[in-house]
Amino acid sequence: MSHMSQKWYQEAVFYELYIRAYYDGNGDGNGDFRGAISKLDYVKSLGVDCIWILPMYPSPLRDDGYDIADYRAIHPDYGNLADFQEFLDAAHDRGLRVITDLVMNHTSDQHAWFQAARQDVNSPYHDYYVWSETGQEYADARIIFLDYEKSNWTYDEKAGKYFWHRFFNSQPDLNYDNPAVQEEMIKIMHFWLDLGVDGFRADAVPYLFEREGTNCENLPETHAFLKKVRRMMDEEYPDKVLIAEANQWPEDVIAYFGDSDEFHMCFHFPVMPRLYMALKQGDKKPIVDILDRTPSIPPEAQWLTFLRNHDELTLEMVTPEEREWMWSQYAPDPRMRSNLGIRRRLTPLVENDKRRWLLLNALLLSLPGTPIIYYGDELGMGDNIWLPDRHGCRTPMQWSAGKNAGFSAADETYFPANADETYGYETVNVEAQENDQDSYLWATRFLLQARSKYQVLRRGQMEMMAINNPAVLAYWRFNPNDEPSDDRLLCIYNLSNQQQSISLELDEYSGRRLTDLLTQSEHLLLGEWPTVKILAPYASHWLRID
């Protein structure tokens with residue numbers, strides 16, 4: 001594949017930015033678009049290419065904005081459409097792209113459509129939602145928010161019927177069997193694409209249609225509608241990207257790429273818990289197994305990979321035994337758990353151990369896929385497990401040791417800034433880390449710079465290296481079209497807390513030098529014999545053959 005036909009999103013690094021948490025420009029205790037504009041230079045300095053914004057629409061915030069009350073406006077806490085447009089233009093001026101969250105599956109019960117639908121069963125909007133007289137249909141569909149919901153049906157007094165919802169009962173599902181709903185969603189996409197957004201992360205896409213006798217996930221009808229959406233984007237907005245949030249096994253997710261006629265990108269959910277599993281077990285098997293299970297994807301497609309995000313660290317795609325084990329290892333306090341996952345940030349998960357933090361990030365940036373960094377993880381921010389639901393990982397960005405972490409001049413902020421002993425803003429903040437070359441922030445920039453320098457890390461193929469030590473994961477990234485061999489990188493990780501020694505059979509490169517991109521210092525001259533390498537506990541190496 002020539003470099004010309006590459007798509008920007010296949011090589012990018014995404015930064016997930018929560019507007020409410022980022023920077024408060026008007027002093028009301030909430031982050032907003034005007035505030036975020038003033039921090040775009042910082043975002044750019046990290047070495048990322050594209051910002052993904054969590055939902056910024058008007059919403060009662062029962063689910064942090066994923067319950068949309070108006071698809072064509074901005075939540076008043078964040079500003080207005082003019083502020084959004086200015087943010088978009090300012091990002092584009094800096095060479096940053098912006099994608100927004102689009103919740104296709106459901107609205108808030110406060111949305112004007114649902115209000116009309118409840119009021120009058122003869123209203124055209126009644127058919128925008130899925131209703132039942134009995135609430136008995138689709139019994140084979142699982143309940144996703146197990147901790148909160150008893151059923152996918154909720155009785156509505158006003159309508160005198162049950163409405164269907166896959167998530168909270170304040171989020172009624174839209175009825176995609178109604179062509180008007182399909183048209184409406186496509187018009188909403190036009191609205192934002194015309195303003196200049198660079199694409200969408202489409203939330204909860206497996207659940208758009210319901211059919212009796214199925215689990216109501218990944219249905220053919222769902223794929224047919226999504227192909228229609230992609231066709232519209234290909235024809236009218238060719239450089240924009242469509243991303244699927246489908247928390248499914250790789251063999252099911254693969255269908256969402258279609259034949260290059262559905263999503264450009266899909267999240268690779270199951271890789272993520274297995275990185276943590278392998279690290280805690282000191283064994284590469286979970287990572288190797290899931291990569292073996294991952295099918296190849298169309299040439300213009302790409303996986304999106306991440307270590308953490310705004311949701312819980314999901315354990316949906318592991319066995320019940322693995323889930324219990326992960327909880328015992330990473331979430332010993334029940335408050336750290338939520339639904340089928342762990343509601344903690346990256347750095348507390350690795351107990352503030354810089355080596356493990358570095359290993360996970362180096363893995364993320366060297367595995368195939370487009371990586372996402374969650375705001376604050378570049379600083380090693382912590383979480384607040386005393387806040388309810390998933391809010392513990394959505395606290396204000398820590399800019400300085402000043403009032404409210406330098407996030408806001410208000411007396412009270414939407415959530416308090418983290419004031420924890422280890423992770424609190426007095427010690428963990430941008431200002432302090434800018435001046436500290438040993439900080440997480442410097443490490444983040446260093447890793448992203450190294451990745452951007454070597455195209456093979458962004459686009460190369462991957463091949464496992466056979467090493468019979470279970471604690472050591474090693475793989476090549478290389479360009480298949482026999483371009484010069486400086487395009488060969490050997491990534492090696494010691495997943496255990498013990499020193500490991502391995503012998504590398506690299507006879508064919510005899511006489512060449514190995515340079516470690518992660519230390520910039522180590523140069524090994526390769527001889528005829530196996531090169532024995534001693535790996536420190538949790539060591540990461542990106543070895544380039546000169």
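At what angle do helix 7 and helix 8 pack, and how far apart are their axes? The views below come from a predicted model, where local features need pLDDT of at least 70, side-chain atom pairs count only at pLDDT 80 or more, and totals for chains, interfaces and linings use all residues. Residues are numbered from 1 along each chain as its sequence is written, and side-chain values use heavy atoms, with hydrogens and water left out.

**View A. Helix 7 against helix 8.** Helix 7 (residues 179–195) and helix 8 (residues 220–236) pack at about 30 degrees, their axes 11 Å apart. Helices (H or I, at least four residues) and strands (E, at least two) are DSSP runs numbered from the N terminus; axes are lines fitted to C-alpha atoms, for helices over the stretch in contact, with angles from 0 to 180 degrees between N-to-C directions. That angle makes helix 7 roughly parallel to helix 8 (under 35 degrees is roughly parallel, over 145 roughly antiparallel, 65 to 115 roughly perpendicular, the rest oblique). On the helix 7 side, the contact (heavy atoms within 4.5 Å) takes in Gln182, Glu183, Met185, Ile186, Met189, His190 and Leu193; helix 8 brings Phe225, Lys228, Val229, Met232, Met233 and Glu236. By class, that's eight nonpolar, two polar and three charged residues (Ala, Val, Leu, Ile, Met, Phe, Trp, Tyr, Cys and Pro count as nonpolar, Asp, Glu, Lys and Arg as charged, and the others, Gly among them, as polar).

**View B. Helix 5 across helix 7.** Here the axes of helix 5 (residues 81–93) and helix 7 come within 10 Å and cross at roughly 55 degrees, so the two helices are oblique to each other. Leu81, Phe84, Gln85 and Leu88 of helix 5 touch Phe191, Trp192 and Leu195 of helix 7. The tally for this contact is six nonpolar, one polar and no charged.

**View C. The largest cavity.** This cavity holds about 70 Å³ of space. On a 1 Å grid over the protein atoms alone, a cavity is a set of points where a 1.4 Å probe fits but cannot get out, and lining residues have an atom within 4 Å of a point. Grid points are joined across faces, edges and corners, and a volume is the space filled by probe spheres set on the points. Among the lining residues are Leu307, Arg308, Trp357, Tyr374 and Thr444. Helix 14 (354–366) and strand 14 (370–374) are the elements giving two or more residues to the lining. The lining's classes come out as seven nonpolar, two polar and three charged.

Notes. 1 Å grid on protein atoms, 1.4 Å probe; cavity = no way out; pocket = protein on both sides within 12 Å on 5 of 7 lines; lining within 4 Å.
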